[in-house]
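Dear colleague,

I am passing on a structure for you to look at, and below it I have written out what was found. Please keep it open beside this email as you read.

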Amino acid sequence: MSLINPSPEGEALYELLVQVPRLNRLLQSLSAEEEPRWTIGLWGLLRNIKIDGPRTVPQIARARRLARQQIQKLVDDAEAEGLVRFRQNPNHKRSRIVALTLDGTALFERIDGTIREAAQEMSEDFDIRDLDSALRVLFDLQQSLDARRH
């Protein structure tokens, strides 16, 4: 499908959508040498468990708006690396609870620290109003895309 006369807003939004994955790759490269096993997906998983606490794979998948199978793969890989562990779930026989290990917490904190340090350094180049506006656009875009999936 090709648009003959795309609107300036549509083109700007398209460019924003194209830039987000590039930002993710650049973000990952910040500490790739020190932490070669980290990916955006792994960091997101560790961050979700760190912030929301131990949860089941389906709960993590719902919170991240991803397929349960994607989260299960991340969790299985993270468990093999010793970053998460499974605990019995008193509310469900088969759906175990995923919790961070000490190594998982340490890895998350190293990666998060690197990202926060970079954000702090780069923040000097931006006005808070522009950052607030960009954040609002990203949240609105996330809601709009999420609504299109249903």
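At what angle do helix 2 and helix 4 pack, and how far apart are their axes? Before answering, please bear in mind that this is a predicted model. Helix 2, which covers residues 40-52, packs against helix 4, residues 68-80, at an angle of about 85°, and the axes lie 10 Å apart. Because angles from 65 to 115 degrees count as roughly perpendicular, helix 2 is described as roughly perpendicular to helix 4. On the side of helix 2 the contact is made by Gly41, Leu42 and Leu45, while helix 4 contributes Ile71, Leu74, Val75 and Ala78.

Turning to charged side chains, a search of the whole structure finds 6 salt bridges. One of them also belongs to helix 4, where Asp77 pairs with Lys73, the closest N and O atoms being 2.8 Å apart; these residues are 4 residues apart in the helix, so about one helical turn separates them. Another joins Asp112 and Arg116 at 2.7 Å, N to O, and both of these residues lie in helix 5, again 4 residues apart. Asp112 counts as buried because its relative accessibility is 11%, whereas Arg116, at 57%, counts as exposed. Asp52 forms a salt bridge with Arg55, with 3.1 Å between the closest N and O atoms.

Helix 5, residues 102-123, also holds Met122, which is partly exposed at 48% relative accessibility. Together with Phe126, Ile128 and Leu131, Met122 forms a nonpolar patch on the surface, with about 400 Å² of accessible area in total.

Note on methods:
Residues numbered from 1 in each chain as written. Predicted model: local features only at pLDDT ≥ 70, side-chain atom pairs only at ≥ 80, totals over all residues. Heavy atoms only, no water. Patch = residues over 30% accessible without salt bridge, like charges linked within 9 Å, V, L, I, M, F, W, Y side chains within 5 Å. Areas by Shrake-Rupley, 256 points an atom, 1.4 Å probe, with all protein chains shown as cover. Salt bridge = Lys/Arg side-chain N within 4 Å of Asp/Glu carboxyl O. Helix = DSSP H or I, 4+ residues; strand = E, 2+ residues; numbered from the N terminus. Buried < 20%, exposed > 50% of the residue type's maximum accessible area, 1.4 Å probe, protein only. Axes fitted to C-alpha atoms, helices over the stretch in contact; angles between N-to-C directions. Parallel < 35°, antiparallel > 145°, perpendicular 65-115°, else oblique. Contact = heavy atoms within 4.5 Å.
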